[in-house]
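Good morning, and thank you for coming. I would like to take you through one protein chain, and I ask that you keep the structure in view while I speak.

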Amino acid sequence: MTFVVTEACIKCKYTDCVEVCPVDCFHEGPNFLVIDPEECIDCTLCEPECPIEAIYPEDDLPAGQEKFIEINQQLSEKWPVITAMIEAPEDADDWAQVKDKAHLLETGD
């Protein structure tokens, strides 16, 4: 099993989770983070660090977030690894409780 970053992270991109990851499985895109399922060791350290509860075990994803399993896998193959905490976007708090923002995901294509 792996952990999955879900829709809640879009346009928030808090990186508290990155700081605790022992295997550097997080990858950073323009407005979202993903977890590489091949690198994730299911250590559970990242999940409680996310201030907006955007990270879930693959087997416990909220309804409607299943597509993020594939999104994490695909984007982790093209985005660079992030290993240190960075400042969240200035408007991250404004986006933290916004629902239905998958259409805002920037893939960098």
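D100 is placed in the segment after α3, the helix of residues 92-95. Please bear in mind throughout that this is a predicted model. D100 has a positive phi of about 50°, although it is not a glycine. To see why that deserves a remark, recall that most residues other than glycine have a negative phi.

A second residue belongs beside it. D42 also is not a glycine, and its phi is positive, near 60°. D42 sits in the loop between β3 and β4. With a relative accessible area of 29%, D42 is partly exposed.

Let us stay with loops for a moment. N31 lies in the loop between β2 and β3. Is N31 buried or exposed? At 7% relative accessibility, N31 counts as buried, since the cut-off is under 20%. Setting aside residues up to four places away in sequence, N31 touches C9, I10, K11, K13, L104, L105 and E106.

I turn now to the interior. In soluble globular proteins, nonpolar side chains tend to be buried together. Here the largest nonpolar core has 31 residues, and F26, F32, I35 and I55 touch the most other members. The elements that give two or more residues to this core are β1 (3-5), α1 (16-20), β3 (33-35) and α2 (67-76).

Let us take I55 as our example. I55 is found in strand β4, which covers residues 55-57. Its relative accessible area is 4%, so I55 is buried. Which residues does I55 touch, not counting those up to four places away in sequence? They are F3, V4, V5, C17, F26, I35, C46, E47 and C50. Of these, C17 shows how the fold brings separate parts of the chain together: I55 and C17 are 38 residues apart in sequence, and their C-alpha atoms are 8.9 Å apart in space.

The helix α2 also gives residues to the core. Within α2, the buried residues are F68, I71, N72, L75 and S76. They lie on the same side of α2, because they cover an arc of only 115° around the axis. The buried residues of α2 pack against β1, β2 (26-28) and β3.

The largest cavity has a volume of about 70 Å³. It is lined by 13 residues, and the closest to its centre are C21, C25, C40, C43 and C46. By class, that lining has 11 nonpolar, 1 polar and 1 charged residues.

The second largest cavity has a volume of about 50 Å³.

The largest pocket holds about 230 Å³ of space. Of the 13 residues lining this pocket, A8, I52, E53, Y56 and K99 are the closest to its centre. The pocket lining comprises 6 nonpolar, 3 polar and 4 charged residues.

Thank you for your attention.

Definitions and conventions: Residues numbered from 1 in each chain as written. Predicted model: local features only at pLDDT ≥ 70, side-chain atom pairs only at ≥ 80, totals over all residues. Heavy atoms only, no water. 1 Å grid on protein atoms, 1.4 Å probe; cavity = no way out; pocket = protein on both sides within 12 Å on 5 of 7 lines; lining within 4 Å. Points joined across faces, edges and corners; volume = space filled by probe spheres on them. Nonpolar A, V, L, I, M, F, W, Y, C, P; charged D, E, K, R; others polar. Helix = DSSP H or I, 4+ residues; strand = E, 2+ residues; numbered from the N terminus. Buried < 20%, exposed > 50% of the residue type's maximum accessible area, 1.4 Å probe, protein only. Contact = heavy atoms within 4.5 Å. Core = buried A, V, L, I, M, F, W, Y, C linked by side-chain atoms within 4.5 Å. Arc of directions from axis to C-beta.
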